[in-house]
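I opened this notebook to keep track of what I looked up. The entries follow the order in which I went through the model.

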Amino acid sequence: MTQKHTTAPWIFNSPHNGSQGDAIFTADMKTIIAHCNANNLTTEQNKINGRLVAAAPELLAELKKLEQSVMDCIESFPESVKILLESQCEAIKAINKAEGK
């Protein structure tokens with residue numbers, strides 16, 4: 001059996017128990033999932049990383065939905081997907097050119 005992550009949503013916030021640094025909590029704010037206070041990072045970097053990690057369960061769920069939608073499109077509309085991917089490549093080239101990359 002594969003172990004699953006702590007149920008979402010996760011909340012990034014400062015601990016209420018007086019401990020140092022910020023943390024990621026369960027939705028009820030009773031359980032700390034992870035501390036976000038790496039010594040070699042600035043406070044702002046720790047906060048940015050904490051918010052990103054706290055979003056992980058929702059990001060994973062949405063990526064799984066997207067992956068299934070893409071597979072459904074490829075099966076149902078293979079030629080349209082090919083055109084879309086070609087257009088995306090051209091758009092990326094134009095963006096890179098505009099940004100001097």
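Which residues is Asn-46 in contact with, leaving aside its neighbours within four places in sequence? I found Phe-12, Cys-36, Asn-37, Ala-38 and Leu-41, where contact means heavy atoms within 4.5 Å.

**Ground rules.** I noted that this is a predicted model, in which local features need pLDDT of at least 70, side-chain atom pairs count only at pLDDT 80 or more, and totals for chains, interfaces and linings use all residues. Residues are numbered from 1 along each chain as its sequence is written, and side-chain values use heavy atoms, with hydrogens and water left out.

**Helix H1.** I placed Asn-46 in helix H1, residues 43-54. Helices (H or I, at least four residues) and strands (E, at least two) are DSSP runs, numbered from the N terminus. Asn-46 is buried, at a relative accessible area of 8%. For these classes, buried means under 20% relative accessible area, exposed over 50%, and partly exposed in between, with a 1.4 Å probe and protein chains only.

I then turned to Lys-47, which also lies in helix H1. Lys-47 is partly exposed, with a relative accessible area of 24%. Not counting residues up to four places away in sequence, I saw that Lys-47 touches Phe-12 and Asp-22.

**Strands.** E1 and E2 run antiparallel and are joined by 4 bridges. Trp-10 has Thr-26 in E2 as its bridge partner. Strand E2 (residues 22-26) and strand E3 (residues 32-36) also run antiparallel, with 4 bridges. Here Asp-22 stands opposite Cys-36, and Ala-23 stands opposite His-35. As for cover, I noted that 5 of the 5 residues of E2 are buried.

Which residue takes a positive phi in the hairpin of E2 and E3? I found Met-29, with phi near 65°. The hairpin has 5 residues between the strands, and Met-29 is partly exposed at 23% relative accessibility. The peptide bond from Ala-8 to Pro-9 is cis, with omega near 0°. Pro-9 sits in the segment before strand E1 (10-13). I wrote both down because most residues other than glycine have a negative phi, and most peptide bonds are trans.

**Whole chain.** I counted 3 helices and 3 strands in the protein chain, in the order β-β-β-α-α-α. The radius of gyration is 20 Å, well over the 13 Å that the globule rule gives for 101 residues, so the protein chain is more spread out than a compact globule. That radius is taken over C-alpha atoms, and the rule is 2.2 Å times the number of residues to the power 0.38. The C-alpha atoms fill a box of roughly 55 × 45 × 20 Å along the principal axes.

I noted that buried residues make up 14% of the 101 residues. Of the contacts with a separation of 6 or more, 26% are between residues 24 or more positions apart.

How values were computed
Pairing = 2+ DSSP bridges.
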